[in-house]
Amino acid sequence: VFLTRHVKGHTNSIEEHLAHMEFQFILEKAKSGESFILVGRCGEYLLREYPNLVSAFLVAEQKDCVARVMDRLNLSEKEALSKIRRHDVSRRKYHETYSDRRWDDPGTYNICLNVSPLGVERTADMLLEYIKLREQ
(Lines give C-alpha, C1' and ligand atoms only; values in the text may rest on other atoms or scores of the structure.)
Protein backbone atom coordinates (compact mmCIF):
# COMPACT_ATOMS: atom_id res chain seq x y z
CA VAL A 1 0.00 0.00 0.00
CA PHE A 2 1.53 3.26 -1.07
CA LEU A 3 -0.34 6.16 0.44
CA THR A 4 0.86 9.03 -1.65
CA ARG A 5 -1.25 11.24 -3.83
CA HIS A 6 0.22 12.08 -7.20
CA VAL A 7 2.51 15.06 -6.61
CA LYS A 8 3.32 16.98 -9.76
CA GLY A 9 6.98 16.61 -10.59
CA HIS A 10 7.70 14.12 -7.79
CA THR A 11 6.48 10.81 -9.19
CA ASN A 12 8.95 8.03 -8.40
CA SER A 13 11.29 10.43 -6.63
CA ILE A 14 13.82 9.24 -4.08
CA GLU A 15 11.62 10.82 -1.40
CA GLU A 16 8.59 8.82 -2.52
CA HIS A 17 10.60 5.63 -2.67
CA LEU A 18 11.91 6.23 0.86
CA ALA A 19 8.39 7.03 2.14
CA HIS A 20 7.10 3.83 0.54
CA MET A 21 9.81 1.79 2.27
CA GLU A 22 9.04 3.47 5.60
CA PHE A 23 5.32 2.79 5.23
CA GLN A 24 5.94 -0.86 4.36
CA PHE A 25 8.17 -1.26 7.42
CA ILE A 26 5.58 0.41 9.69
CA LEU A 27 2.77 -1.78 8.36
CA GLU A 28 4.85 -4.93 8.85
CA LYS A 29 5.65 -3.86 12.41
CA ALA A 30 1.94 -3.26 13.09
CA LYS A 31 0.99 -6.65 11.62
CA SER A 32 3.41 -8.34 14.02
CA GLY A 33 1.15 -7.37 16.93
CA GLU A 34 4.11 -6.03 18.88
CA SER A 35 3.63 -2.67 20.63
CA PHE A 36 5.78 0.19 19.39
CA ILE A 37 6.00 3.96 19.40
CA LEU A 38 6.08 5.80 16.11
CA VAL A 39 6.87 9.49 15.92
CA GLY A 40 5.55 11.14 12.80
CA ARG A 41 5.62 9.34 9.42
CA CYS A 42 1.83 9.77 9.04
CA GLY A 43 1.34 7.11 11.71
CA GLU A 44 -2.18 8.15 12.69
CA TYR A 45 -3.20 7.90 9.04
CA LEU A 46 -1.25 4.82 8.07
CA LEU A 47 -2.40 2.79 11.10
CA ARG A 48 -5.93 4.21 11.37
CA GLU A 49 -7.57 0.80 10.96
CA TYR A 50 -5.70 -0.75 13.90
CA PRO A 51 -8.03 -0.65 16.93
CA ASN A 52 -5.18 -0.39 19.46
CA LEU A 53 -3.67 2.67 17.82
CA VAL A 54 -3.21 5.61 20.17
CA SER A 55 -2.38 8.73 18.21
CA ALA A 56 -1.32 11.96 19.87
CA PHE A 57 -0.57 15.41 18.54
CA LEU A 58 1.69 17.34 20.89
CA VAL A 59 2.29 21.05 20.82
CA ALA A 60 4.05 23.48 23.13
CA GLU A 61 4.21 27.20 23.56
CA GLN A 62 6.75 28.77 21.23
CA LYS A 63 8.94 30.03 24.08
CA ASP A 64 9.21 26.50 25.46
CA CYS A 65 10.00 25.01 22.05
CA VAL A 66 12.67 27.62 21.43
CA ALA A 67 14.24 27.11 24.87
CA ARG A 68 14.31 23.33 24.40
CA VAL A 69 15.93 23.55 20.94
CA MET A 70 18.42 26.17 22.13
CA ASP A 71 19.43 23.92 25.02
CA ARG A 72 19.55 20.62 23.09
CA LEU A 73 21.37 21.95 20.02
CA ASN A 74 23.30 24.87 21.53
CA LEU A 75 21.68 27.40 19.19
CA SER A 76 20.84 31.06 19.56
CA GLU A 77 17.20 32.03 19.99
CA LYS A 78 17.01 33.21 16.39
CA GLU A 79 18.61 29.99 15.06
CA ALA A 80 16.31 27.82 17.19
CA LEU A 81 13.19 29.64 16.01
CA SER A 82 14.30 29.33 12.39
CA LYS A 83 14.97 25.59 12.83
CA ILE A 84 11.56 25.03 14.45
CA ARG A 85 9.78 26.84 11.63
CA ARG A 86 11.67 24.88 8.95
CA HIS A 87 10.88 21.59 10.65
CA ASP A 88 7.20 22.43 11.06
CA VAL A 89 6.94 23.33 7.36
CA SER A 90 8.70 20.07 6.47
CA ARG A 91 6.43 18.01 8.76
CA ARG A 92 3.32 19.63 7.32
CA LYS A 93 4.47 19.09 3.74
CA TYR A 94 5.38 15.44 4.35
CA HIS A 95 2.10 14.68 6.08
CA GLU A 96 -0.07 16.44 3.55
CA THR A 97 1.80 14.80 0.67
CA TYR A 98 1.49 11.24 1.96
CA SER A 99 -1.95 11.33 3.57
CA ASP A 100 -5.30 12.87 2.81
CA ARG A 101 -5.41 14.73 6.13
CA ARG A 102 -4.04 17.95 7.50
CA TRP A 103 -1.05 17.51 9.81
CA ASP A 104 -2.50 19.74 12.52
CA ASP A 105 -6.16 18.67 12.33
CA PRO A 106 -7.06 17.62 15.90
CA GLY A 107 -9.86 15.42 14.57
CA THR A 108 -7.36 12.94 13.18
CA TYR A 109 -5.76 12.19 16.55
CA ASN A 110 -7.03 10.43 19.67
CA ILE A 111 -5.56 13.07 21.92
CA CYS A 112 -4.03 16.52 21.46
CA LEU A 113 -1.97 18.04 24.25
CA ASN A 114 -0.08 21.21 24.98
CA VAL A 115 3.12 20.00 26.66
CA SER A 116 3.95 23.38 28.19
CA PRO A 117 1.69 23.31 31.28
CA LEU A 118 2.96 19.93 32.52
CA GLY A 119 6.39 19.68 30.94
CA VAL A 120 7.76 16.78 28.93
CA GLU A 121 8.04 14.18 31.72
CA ARG A 122 4.61 14.76 33.23
CA THR A 123 3.01 14.87 29.77
CA ALA A 124 4.63 11.50 29.02
CA ASP A 125 3.19 10.19 32.31
CA MET A 126 -0.23 11.50 31.32
CA LEU A 127 -0.02 9.77 27.93
CA LEU A 128 0.92 6.49 29.58
CA GLU A 129 -2.10 6.81 31.88
CA TYR A 130 -4.31 7.52 28.87
CA ILE A 131 -3.03 4.38 27.17
CA LYS A 132 -3.66 2.30 30.29
CA LEU A 133 -7.22 3.64 30.58
CA ARG A 134 -7.92 2.77 26.94
CA GLU A 135 -6.78 -0.78 27.52
CA GLN A 136 -9.41 -1.32 30.25
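Modeller: Before the helices themselves, a word on terms: axes are lines fitted to C-alpha atoms, for helices over the stretch in contact, and angles run from 0 to 180 degrees between N-to-C directions. Please also keep in mind that this is a predicted model.

Biologist: Okay, at what angle do α3 and α4 pack?

Modeller: Helix α3, which covers residues 62-73, packs with α4 at an angle of about 110°, and their axes are 9 Å apart. Angles of 65 to 115 degrees count as roughly perpendicular, and α3 and α4 are therefore roughly perpendicular to each other.

Biologist: Which residues in α3 and α4 meet?

Modeller: From α3 there are Gln62, Cys65, Val66, Val69, Met70 and Leu73, and they meet Glu77, Ala80, Leu81, Lys83, Ile84 and Arg85 in α4. Sorted by class, the contact of α3 with α4 has 8 nonpolar, 1 polar and 3 charged residues.

Biologist: Switching topic, how many residues are in the largest nonpolar core?

Modeller: The largest nonpolar core has 11 residues, including Phe23, Ile26, Leu46 and Tyr94. At least two residues of this core come from each of α1 (14-31), α2 (43-46) and α4 (77-98), and α1 gives the most, with 5 residues. Apart from this core lies another, of 5 residues, among them Val66, Val69, Ala80 and Leu81.

Biologist: And where is Ser116?

Modeller: Ser116 is in the loop between β2 (111-114) and α5 (119-135).

Biologist: What does the Ser116 side chain reach?

Modeller: The side chain of Ser116 reaches the backbone nitrogen of Glu61 at 2.8 Å. Leaving aside residues up to four places away in sequence, Ser116 touches Val59, Ala60, Glu61 and Asp64.

Note on methods. Residues numbered from 1 in each chain as written. Predicted model: local features only at pLDDT ≥ 70, side-chain atom pairs only at ≥ 80, totals over all residues. Heavy atoms only, no water. Core = buried A, V, L, I, M, F, W, Y, C linked by side-chain atoms within 4.5 Å. Buried < 20%, exposed > 50% of the residue type's maximum accessible area, 1.4 Å probe, protein only. Helix = DSSP H or I, 4+ residues; strand = E, 2+ residues; numbered from the N terminus. Parallel < 35°, antiparallel > 145°, perpendicular 65-115°, else oblique. Contact = heavy atoms within 4.5 Å. Nonpolar A, V, L, I, M, F, W, Y, C, P; charged D, E, K, R; others polar. Polar contact = N/O pair within 3.5 Å; in protein donor to acceptor, adjacent residues only side chain to side chain.
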